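Welcome! Please take a look at the sequence and the structure before reading on.

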Amino acid sequence: QKQLVESGGGLVQPGGSLRLSCVASGFSLDDYAIGWFRQAPGKGREGISCTTSGGDSTYNADFVKGRFTISRDNAKNTVYLQMNNLKSEDAAVYYCAAEHMGDVRTLEDMCVRRRARNWGQGTQVTVSS
C-alpha cells in the first residue's frame with residue numbers, strides 16, 4: 001500500500017526554523033510529483049510548494065517568499081521542507097502529497113487545486129513565543 005509519513009513538526013519560536021521530512025513507502029517517488037500543504041484550524045488546506053519527480057521544476061505559493069524550500073532525495077524516497085523565519089500564521093498541520101507525473105497537468109494545478117491522490121497523515125507545527 002502506498003504510504004507517506006511526515007515528521008519533524010513541533011514547537012518553535014517565531015523566527016525559528018524547522019525541517020520537515022516525508023518518507024514514501026510502498027512505491028517509488030521516482031515518477032511522482034510531490035507537494036507540501038498545510039491546514040490551520042478553521043481554514044482550508046493550502047498548497048505551499050510542489051516539485052516535479054526529478055526536482056527540476058518547482059511551484060511556490062506567494063506566501064512562501066523565499067522562507068520555505070522543498071527538496072527531494074529520490075534515492076532515500078524522501079522529500080523535505082525547510083522552513084525558516086517562521087511566523088505565528090505558519091502554525092498548522094503540514095501534509096505531504098504525491099501524484100504520478102503522468103496525471104499532473106501543472107505544478108500550479110497540483111498545489112493550488114490540491115490535485116493529488118496520495119496523502120500523509122500530517123505533522124503539527126506550532127509557532128509560539
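Leaving aside its neighbours within four places in sequence, which residues is Glu 99 in contact with? In this predicted model, the answer is Asp 31, Tyr 32, Ala 33, Val 104, Met 110, Arg 115, Ala 116 and Arg 117. Several of these names come back below, so they make a handy starting point.

- Glu 99 is found in strand S9, and its relative accessible area of 5% makes it a buried residue, because buried means under 20%.
- The side chain of Glu 99 is joined to that of Arg 117 by a polar contact of 3.0 Å.
- Asp 109 has its place in helix H1, and at 13% relative accessibility Asp 109 counts as buried too.
- With residues up to four places away in sequence not counted, Asp 109 touches Arg 114 and Arg 115.
- The side chains of Asp 109 and Arg 115 make a polar contact at 3.3 Å.
- Arg 115 is also among the residues in contact with Glu 99.

**Met 101, in a loop**

- Look for Met 101 in the loop between strand S9 (92–100) and helix H1 (107–112).
- Met 101 is partly exposed, with a relative accessible area of 28%.
- If neighbours within four places in sequence are set aside, Met 101 is in contact with Asp 31, Tyr 32, Ala 33, Thr 52 and Ser 53.
- Asp 31, Tyr 32 and Ala 33 are also among the contacts of Glu 99.
- Ser 129 is 28 residues from Met 101 along the chain, and the C-alpha atoms of these two residues are separated by 40 Å.

**Aromatic pairs**

- How many aromatic pairs does the structure hold? There are 2 of them.
- One of them joins Phe 27 and Tyr 32: the ring centres are 4.8 Å apart and the planes stand at 65 degrees, so this pair is edge-to-face.
- Phe 27 and Tyr 32 are both buried.
- Phe 37 and Trp 119 form a tilted pair, with 4.8 Å from centre to centre and 50 degrees between the planes.
- This pair links distant parts of the chain, since Phe 37 lies in strand S4 (residues 32–39) and Trp 119 in strand S10 (residues 118–119), 82 residues apart.
- Is Phe 37 buried or exposed? Phe 37 is buried, with a relative accessible area of 0%, whereas Trp 119 is partly exposed at 27%.

**Arg 45 over two rings**

- The charged end of Arg 45 sits over the ring of Tyr 95, at 3.8 Å from the ring centre.
- The charged end of Arg 45 also sits over the ring of Trp 119, at 5.0 Å from the centre of that ring.
- Trp 119 therefore has a part in two of these topics, as it also forms the tilted pair with Phe 37.

**The open sheet**

- An open sheet of 4 strands runs in the order S1-S3-S8-S7, and its pairing is antiparallel.
- Strand S1 (3–7) and strand S7 (68–73) stand at the edges; each has a single partner strand, so one side of each is left without a neighbour in the sheet.
- From one strand to the next, the twist averages 15 degrees.
- S1 and strand S3 (residues 18–25) pair in the antiparallel sense over 5 bridges.
- Which residue in S3 is the bridge partner of Glu 6? The partner is Cys 22.

Terms used:
Residues numbered from 1 in each chain as written. Predicted model: local features only at pLDDT ≥ 70, side-chain atom pairs only at ≥ 80, totals over all residues. Heavy atoms only, no water. Pairing = 2+ DSSP bridges. Helix = DSSP H or I, 4+ residues; strand = E, 2+ residues; numbered from the N terminus. Axes fitted to C-alpha atoms, helices over the stretch in contact; angles between N-to-C directions. Buried < 20%, exposed > 50% of the residue type's maximum accessible area, 1.4 Å probe, protein only. Contact = heavy atoms within 4.5 Å. Phe/Tyr/Trp six-rings, centres within 6.5 Å; stacked < 30°, edge-to-face > 60°. Lys NZ or Arg CZ within 6 Å of the ring centre and 35° of its normal. Polar contact = N/O pair within 3.5 Å; in protein donor to acceptor, adjacent residues only side chain to side chain.
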